[in-house]
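User: I would like to go through a structure with you, one topic at a time. Please have a look at it first.

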Amino acid sequence: MILYPFIIEILQLLIILALAPVFAGWIKMLKCWSQGRTSPGLFQPYRDIIKLFSKDVVIAGNASWIFRFTPYLVFGVAVLAGGIVPMLSVDLPLAATADVIALVALFAIARFFTALAGMDIGTAFGGMGSSREMTIASLAEPAMLMAIFTVSLASKSTSLSEMVQVIYSGLSVFRPSLAFALLAFILITLAETGRIPVDNPATHLELTMIHEAMILEYSGRHLALLEWAGMMKLFLFVMLGVAVFAPWGIEASGDFAAIPAAFLFMILKLAAAGAGLVLIETGLAKMRLFRLTEFLGSAFLLATLGMLSYFILE
Amino acid sequence: MSVLTDAITSALGTDIQFDKRQYPSSVICCTVPVEKFAEAAWVLKKKAFALLAAEWASDETPFGRGFCVFACYRWGKEYLIVRSELPSDNPQFPSLTRRYIPAYRFERQIQSLMGITPAGHPDARPWIKFEDWPAGAWPLRKSFDASKPLPRVAGEYEWIKAEGEGVYEIPVGPVHAGIIEPGHFRFQAVGEDIINLEERLGYVHKGIEKKFEALSWQDGARLAGRVSGDTTVAHAIAYCMALETMTDCNVPERANWLRAIFLERERIANHLGDIGAICNDAAFAFMLYQMSRLREIVLRTNHKLFGHRFMMDKVIPGGAAVDIDSEGKKEILSELDSISKDFEKLVIIYDESPSLEDRVRDTGILRPELARELCVVGIAARASGLNLDCRIFNPFPPYDQYDLIELGVPVLITGDVHARTWVRIQEVRESIRIIRYMLENLPDGEITSSFTPPSPDMSGFAAVEGWRGEIIYWLQAGPKGEINRCMVRDPSSVNWLGLEQAIPGNIVPDFPLCNKSFNQSYSGHDL
């Protein structure tokens, strides 16, 4: 069936748009429970987004086009990346055009513009956030590429679809290189998506913020798009990790009937990943800013070890 | 004779006169000629190693005199007030700032609010009063009419500037994210390293000291309870004690014990909140919610037993407004049992979380020698090796029965965020213990006694250890027996400087954590 990949692609986009806020809500819900509080429910992020969309946008007088353009760009990048990472099926037309290096580059573009927008208005907090974000980026991006390359080595491809297919077919084989790469990937995910112990997404203290400091001046629909894109980024990183390191249940046969099962597997894996994230976030305090270099350095080291062990052991 | 009076009499000899209008008699007040004012400070610092507790001025024109400037020194158990009379035209006094650092702000405040010039003060910028006030408006002078609105004039505050490659400024506030009071912090930073922090306060200046002068002695206690809402009990006790020393009011034993129970409950509630909030600023939200839960239990018991969550207006001149019956006693005891059980578990979590420990240790260090120079008080002092606590060193009843109450006070020397947190943790434990003791041994009797207003031209002094630290009140009765001056010295008035000096050398994202570990009152400082 020729239309099949396109239907999958559309399904994927719908899933990321709709499920990313639910996943964020799930994390918040677990967090509330772990702290002994009642939670606002799974759908609170939707309400927040709707609230922000219904508010007016307030823009500083000296804001340039970069400031206005950035929310759309960041949102667009998140949606586009949603078309690249295999969630339900490996049969993705976009995955064939953009490989994992392109994916990292896409995120880098979004980050670049967010950092520019943070400095655009000229407030101290924005510039501070941008400078911290770029510090993290310079350490996290190489580590991320190293981790992904380790997987690419094992699958002899940088296309996500093929990587997933290879790993999926060689399911029973446990590769030490992948274990190292997975550990590195988890550390990078925490840094890239601004979670504790790297950044605190729930803080109100401007001086401690990293990602939030850059988008402090945004309001209304701009902020809604950025928040939504942030949730999608978290969702995508988790999906990327799941696809590359635990692709069980993903549909690889081109059969429609397998889609519901794949969807169910995806939900289960998301739920488990959310629980893992909350365990990390509840048990740890945020680290001192300059410990980040050690944190991301160890991510890089783990990824390098993964690569070495591929050559030595496999 | 005492160490402080010995030092000052041996140095200044016949120049000093002892003032008999100052109560209680244990607090000695002496008058020195104004030109010897700074010399007295120098002698007390060099010979007696005294700390400066407060500096203030009063307008004594209703008595037919000019102005008066006061400096209060502390050494161990002793307080000594040095007083100098100034003429009403062009009043000036020699600045103490070069001898005692905390005088830096006290004197800017005297200059701004009373219009008395501290000669030789290095900084002529206003403090608390803003630059948009008209020239010559001195709100604490008797000639100032507080009921009329003032015109606004143009003016600019000059900030300390830093220059050089890569130096940038971060202005924070006065309106902050989150529900806290307003204050402005200006950082000069290179990269993430803070090279200087300058505070600017005064955004919640309400004219409280001026307002006191229009109130009756009874109503003054209610206003004192509103100087800083989270310290309402301690402020009310300090005001009432200063007042009671001037009138021969004999506060019943039971009332003293009740006041102490309220005071310790206030300490527990605030410390619990602070410990949680400190952890939350390191993104360890679990502690915040658990500590807030415990704090809420304390507040709800307060509301149930005493009719107010913070026990506002429960301390009145002459005694206490509410009693504890046997039901209430049982309730508090069982509440303390459950709180201390949960609290100990949370302390273990605090103590055994390496990621949290990494944040709180070695952050925001106020070195002991600097703490001493800055004359900080309370939690900040005890975390930096200064063993200061009025409950021990200037014991007000019932703490003067130390053989019964046996109060233990934690003193740590590291001066970092952890030390300030740990002092709080220890104090919560100690407060729980002594509340239990006081409930079991509560004396019988009345809880109020009759109270007569003081006679003219008397002054009363009291120092009380609130949860932040030593609170000082100095009251002066006017010619008709009304309030002529009420000086309020919240611990924050000195400790804000401690924060400012503890910050350079830290990194920008650590500031909120350091600030929370001091947790000063803006309202109590701005008055």
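User: Does A:Asp91 count as buried or exposed, and why?
Analyst: This is a predicted model. In it, A:Asp91 counts as buried because 20 C-beta neighbours lie inside 10 Å, and 20 or more is the cut-off for that class.

User: Where is A:Asp91 in the chain?
Analyst: A:Asp91 sits in the loop between helix H3 (65-82) and H4 of chain A.

User: Which residues does A:Asp91 contact, leaving aside its neighbours within four places in sequence?
Analyst: A:Asp91 is in contact with A:Tyr4, A:Pro5, A:Ile8 and A:Gly254.

User: What is the confidence for chain A?
Analyst: Chain A has a mean pLDDT of 90, with 99% of its residues at 70 or more.

User: How many residues are in contact between chain A and chain B?
Analyst: On the chain A side there are 22 residues, in contact with 26 residues of chain B. The side of chain A that touches chain B is made up of 11 nonpolar, seven polar and four charged residues.

User: Changing topic: is helix H17 of chain B buried or exposed?
Analyst: Helix H17(B), residues 511-518, is mostly covered, with eight of its eight residues buried. Among them are B:Phe511, B:Leu513 and B:Phe518, and also B:Lys516.

User: What do the buried residues of H17(B) pack against?
Analyst: They pack against five helices of chain B, namely H7 (253-281), H10 (354-360), H12 (378-383), H15 (417-440) and H16 (492-502).

User: Which residue follows H17(B)?
Analyst: B:Asn519 follows H17(B), and its phi is positive, near 40°.

User: How many bridges join strands E15 and E16 of chain B?
Analyst: Six bridges join E15(B), residues 470-477, to E16(B), and the two strands run antiparallel. B:Ala477 stands opposite B:Ile483 of E16(B). The two strands form a hairpin with five residues between them, and B:Gly481 in the turn has a positive phi of about 85°. Strand E16(B), residues 483-489, is mostly covered, as seven of its seven residues are buried.

User: Which strands form the open sheet of three in chain B?
Analyst: The order is E9-E10-E11 in chain B, with antiparallel pairing. E9 and E11 (193-200) are the edge strands, each pairing on one side only. Neighbouring strands are turned by 20° against each other on average, direction ignored.

User: How many bridges does E9(B) share with E10(B)?
Analyst: E9(B) and E10(B), residues 184-190, pair over six bridges. One bridge has B:Val167 and B:Val190 as partners.

User: Finally, where is B:Lys129?
Analyst: B:Lys129 is in the loop between strand E8 (117-119) and strand E9 (167-172) of chain B. With 18 C-beta neighbours inside 10 Å, B:Lys129 counts as partly exposed. Not counting residues up to four places away in sequence, B:Lys129 touches B:Ser112, B:Leu113 and B:Gly202.

Technical notes: Residues numbered from 1 in each chain as written. Chains lettered and ligands numbered in written order. Predicted model: local features only at pLDDT ≥ 70, side-chain atom pairs only at ≥ 80, totals over all residues. Contact = placed C-beta atoms within 7 Å. Nonpolar A, V, L, I, M, F, W, Y, C, P; charged D, E, K, R; others polar. Buried ≥ 20, exposed ≤ 12 C-beta atoms within 10 Å, placed from the backbone. Helix = DSSP H or I, 4+ residues; strand = E, 2+ residues; numbered from the N terminus. Pairing = 2+ DSSP bridges. pLDDT = per-residue confidence, 0-100. Axes fitted to C-alpha atoms, helices over the stretch in contact; angles between N-to-C directions.
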